[in-house]
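Q: I'm new to this one. Can you walk me through it?

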Amino acid sequence: MSPPSQPRTQRLVVENNGEVSIVGFVDRRILDEANIQIIADQLFGLVDDQRRRKIILNFVNVEYLSSAALGKLITLHKKLVSVQGKLVLCNISPQIFEVFAITKLDKIFVIKKELPDALGFFGVTV
């Protein structure tokens with residue numbers, strides 16, 4: 001019997017632009033519980049370990065997002081708020097945005113259409 005497949009450890013691509021961390025997702029479908037936990041750990045590490053306070057989540061490659069993943073985004077938002085940080089989401093597909101709207105999360109999160117708009121929120125010009 002072969003061992004269970006291990007999820008790849010790097011689920012995010014992080015680029016720092018001054019004080020702003022721009023986070024991209026490796027996966028197009030963020031559905032698997034193990035990968036969601038890895039993503040959450042990496043996102044929380046940006047705040048807790050690296051002390052990043054301005055984070056942009058770029059969903060340009062993401063097609064599907066589970067409700068468990070939404071829960072982790074809410075936790076990340078709360079972590080940032082507790083340390084006077086800010087979270088901005090951008091490039092969210094219409095299908096995913098609809099879930100944010102139905103759950104009223106579009107009222108909690110700052111959501112910008114594209115990455116330059118998200119950078120502009122933090123006063124960064126492109």
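Q: Is Asp-48 buried, exposed or partly exposed?
A: Asp-48 is partly exposed, and its relative accessible area is 36%. Keep in mind that this is a predicted model.

Q: Where does Asp-48 lie?
A: Asp-48 is part of helix α1. That helix covers residues 33-48.

Q: How far is Asp-48 from Glu-63?
A: Their C-alpha atoms are separated by 28 Å. Along the chain, the two residues are 15 apart.

Q: And what does Glu-63 pair with in a salt bridge?
A: With Arg-28. The closest N and O atoms of that pair are 3.0 Å apart.

Q: How exposed are Glu-63 and Arg-28?
A: Glu-63 is partly exposed, at a relative accessible area of 29%. Arg-28 is partly exposed too, with 43%.

Q: How many salt bridges are there?
A: The count is five. One of them joins the side chains of Glu-19 and Lys-54, at 2.9 Å from N to O.

Q: Where do Glu-19 and Lys-54 sit?
A: Glu-19 is in the loop between β1 and β2, while Lys-54 is in strand β4, residues 54-58. The pair links distant parts of the chain, 35 residues apart.

Q: Buried or exposed, those two?
A: Glu-19 is exposed, with a relative accessible area of 55%. Lys-54 is partly exposed, with 26%.

Q: What about Lys-107, what does it bridge to?
A: Asp-106. The closest N and O atoms there are 3.8 Å apart. Lys-107 counts as exposed, at 66% relative accessibility.

Q: Back to the helices. How do α1 and α2 cross?
A: Their axes come within 10 Å and cross at roughly 10 degrees. Helix α2 takes in residues 67-82.

Q: Why are they called roughly parallel?
A: Angles under 35 degrees count as roughly parallel. The two axes cross at roughly 10 degrees, so α1 and α2 fall in that group.

Q: Which residues meet there?
A: From α1, they include Ile-36, Ala-40, Leu-43, Phe-44 and Val-47. From α2, they include Ala-69, Leu-73, Leu-76 and Leu-80. Asp-48 is also among the α1 residues in this contact.

Q: How does the contact split by class?
A: It has 10 nonpolar, two polar and four charged residues.

Q: New topic, the sheet. What is the strand order?
A: β1-β2-β4-β6-β7. These five strands form an open sheet with mixed pairing.

Q: Which strands are at the edges?
A: β1 and β7. Each pairs on one side only. Strand β7 is residues 110-112.

Q: How much are neighbouring strands turned against each other?
A: By 25 degrees on average, with direction ignored.

Q: What holds paired strands together?
A: In general, strands of a sheet pair through backbone hydrogen bonds, in a parallel or antiparallel way.

Q: So do β1 and β2 run parallel or antiparallel?
A: Antiparallel, with six bridges joining them. Val-14 has Val-23 in β2 as its bridge partner.

Q: What sits in the turn of that hairpin?
A: Two residues lie between β1 and β2. Gly-18 is in the turn, and its phi is positive, about 65 degrees.

Q: And β2 with β4, parallel or antiparallel?
A: Parallel, with five bridges. Ile-22 stands opposite Ile-56 in β4.

Q: Where do the helices lie on the strands?
A: α1 lies across β1, β2 and β4, at about 20 degrees to β1. α2 lies across β4 and β6, at about 145 degrees to β6. Strand β6 is residues 86-90.

Q: Which residues other than glycine have a positive phi?
A: Arg-51 is one of them, with phi near 55 degrees. Gln-84 is another, at about 60 degrees.

Q: Where are they found?
A: Arg-51 is in the loop between α1 and β4. Gln-84 is in the loop between α2 and β6.

Q: Are those two buried or exposed?
A: Arg-51 counts as exposed, at 58% relative accessibility. Gln-84 counts as exposed too, at 69%.

Methods. Residues are numbered from 1 along each chain as its sequence is written. This is a predicted model: local features need pLDDT of at least 70, side-chain atom pairs count only at pLDDT 80 or more; totals for chains, interfaces and linings use all residues. Side-chain values use heavy atoms; hydrogens and water are left out. A salt bridge is a side-chain nitrogen of Lys or Arg within 4 Å of a carboxyl oxygen of Asp or Glu. Helices (H or I, at least four residues) and strands (E, at least two) are DSSP runs, numbered from the N terminus. Buried means under 20% relative accessible area, exposed over 50%, partly exposed in between (1.4 Å probe, protein chains only). Axes are lines fitted to C-alpha atoms, for helices over the stretch in contact, and angles run from 0 to 180 degrees between N-to-C directions. Angles under 35 degrees count as roughly parallel, over 145 as roughly antiparallel, 65 to 115 as roughly perpendicular and the rest as oblique. Contact means heavy atoms within 4.5 Å. Ala, Val, Leu, Ile, Met, Phe, Trp, Tyr, Cys and Pro count as nonpolar, Asp, Glu, Lys and Arg as charged, and the others, Gly among them, as polar. Two strands pair if DSSP finds at least two bridges between them.
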